[in-house]
Amino acid sequence: MIRHRIDRRGIGSVICGHVYLWLLLALLYAPILLIIIFSFTKSKVFGNWTGFTFGLYQNLFNGYDFSADVRVDPNLYRAIIYTGVIALVAAIISTFLGTLAAIGLFHMRQRTRRVVSFMNSIPMINPDIITGISLFLLFVFLGISRGLGTVIIAHVVFCTPYVVLSVMPRLQKMNPNIYEAALDLGATPWQALHKVLIPELRPGMLSGFILSLTLSIDDFGVTFFTKGSNGLETLSTFIYADARKGGLTPELRPLFSIIFLTTLVLLVIINIRAAKQQNMKGDSKNSPLTN
Amino acid sequence: MKTIFHNRRTWAGPYIVFMVLLVVLPLILIGVYAFTDMSGNFTIQNFVQFFHKTEAVNTFIYSLAIALITTFICLLLGYPAAYIMAMSSFRTPAVMAMLFILPMWINFLLRTIATVELFHMFNLPLGEGALLFGMTYDFLPFMIYPIYNTLQKIDPSLMEASQDLGATRIQTFTRVVLPLSWPGIYSGIIMVFMPTVSTFAISELLTHNKITLFGSLIQRSFGEGGTTMWNYGAALSLIMLIIIGLTSFFGQSNETEVDNQKGGLL
């Protein structure tokens, strides 16, 4: 059926189409590729090729530039660790909270369900800056000093709605009676949740968890307003401060390359896994990327 | 106690409390701060102050214009790309789609800085042009993906029927494909317009602080200047919130579609 359509459109327009797509992709990837290329040279100024070397990678991992006898900014490492800790804790809390919420939401009456769904969509629609400022005002209003805790709470706020949305399709596909069956057979609600519901919902919970991790790692706006001024930085806010100071720390180039390639590999693995599951179950709603 | 847990409806309880406290209450606080002065008395002075400063109003209009132009460029570049991908016989269209989506997963600040470095390398000046290029570059995938998604779901037999019934290829496009892809276009527009109209970091980096957007204006009110500007900043946030609310209100008929798109996108 698809080939049929192509035949009608003629080979010329097909080639034009492909050229357009590849040009657009080249444009999208040009800056990324440039950073990767220039992570293999040691010049402070970007775009200035001073010969191939792994120097920046060595600096990044040593925390010290032996050739120039200077330390790589220790705040960079602190920022990396904080980014990881915040993402992990926020994703775990969001997955737990969001899964329970999705189950509750699924069994609500139509009207309450609509109200809660609307509330759930607010953090997804709101721009970062609004979420950030509104939480900033809340913490100030309640007299809570900002720091690691407030950043984690803020990340849970914008991650949980996505967990709810990831778990929902699994609930809709699940046999609604198995939970009751478990209770009838003498399971406590906790056992029924633990042994019956969670195994059924696990794929949705997993994509919600991964989604939360990426959203949290990627966030800048909300973190910016909730991190306080005690020197807490995540990778995003560190990069922002660094770039505003003028020249970018050269070691960010290898770091960026590593992050990019890790993301690439992770995405490919996730999608291959999803495609396999799809083939096995004929289930098209599994890939966190293309779902 | 037992009956409470048996009813699964109550399982959403913690999340509802959480959201009322951390989503609804904070938004109400923006309103409260916007309509009060520093000592907590009711006032509309914050809004008067905004509308009296031509500089601030101009920044607001300029930001809206920049966001609209960016959205329009993204639509202009993105729709054909999504269309070609959805209609073509790539052996693996999924891989192609993934290549377009992949940049979305990379921190937008890193991507923005990469763009800045690109401009440096070719000795191009930072400013309005860089701003438009950088924002288009940052948000183009958000336009392509939802449009691709809806185009892909269109039943090919509809297009064949249209052509068999005598419509030209252009007529088939304008009368069949375009109307059916409207939900995708709508979510694309929302997903590009919302972040571009509210951004502050991107514009600062891409223009070296030469151009101030509305988002930066808000951010500065909450910046180093202490508490004196918070009420003014809240008023500006409320204006932004109204813009966001209006944008999503115009597409309310497509609401469920947007939710699906967003849920699938990230």
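Helices (H or I, at least four residues) and strands (E, at least two) are DSSP runs, numbered from the N terminus. With that in hand, let's start the tour. This is a predicted model, in which local features need pLDDT of at least 70 and side-chain atom pairs count only at pLDDT 80 or more, while totals for chains, interfaces and linings use all residues. Residues are numbered from 1 along each chain as its sequence is written, and chains are lettered from A and ligands numbered from 1 in the order in which they are written.

**Stop 1: chain B as a whole**

How much of chain B is buried? Of its 266 residues, 44% count as buried (20 or more other C-beta atoms within 10 Å of the residue's own; 12 or fewer is exposed, in between is partly exposed, and C-beta atoms are placed from the backbone).

Next, think about contacts: two residues are in contact if their C-beta atoms, placed from the backbone, lie within 7 Å. Among contacts in chain B between residues at least 6 apart in sequence, 73% join residues at least 24 apart.

**Stop 2: a loop in chain B**

Now zoom in on His208(B), in the loop between helix H10 (201-207) and helix H11 (214-221) of chain B. Its phi is near 55°, a positive value in a residue other than glycine. Most residues other than glycine have a negative phi. His208(B) is partly exposed, with 14 other C-beta atoms within 10 Å.

Asn209(B) sits in the loop between H10 and H11 too, and has a positive phi near 65°. Is Asn209(B) buried or exposed? Asn209(B) is exposed, because 12 other C-beta atoms lie within 10 Å.

**Stop 3: where the chains touch**

Show both chains. Here 74 residues of chain A are in contact with 75 residues of chain B. On chain A's side, helix H2 (residues 11-37) gives the largest share, twelve residues. By class, this side has 55 nonpolar, 15 polar and four charged residues (Ala, Val, Leu, Ile, Met, Phe, Trp, Tyr, Cys and Pro count as nonpolar, Asp, Glu, Lys and Arg as charged, and the others, Gly among them, as polar).

**Stop 4: confidence in chain A**

The chain A mean is 84. Among its elements, helix H1 (residues 2-9) has the lowest mean pLDDT (48) and helix H6 (residues 128-142) the highest (94). Select residues 1-7 of chain A, where pLDDT stays under 50. Where pLDDT is low, the predicted coordinates should not be read in detail.

Key
pLDDT is the predictor's confidence in each residue, from 0 to 100.
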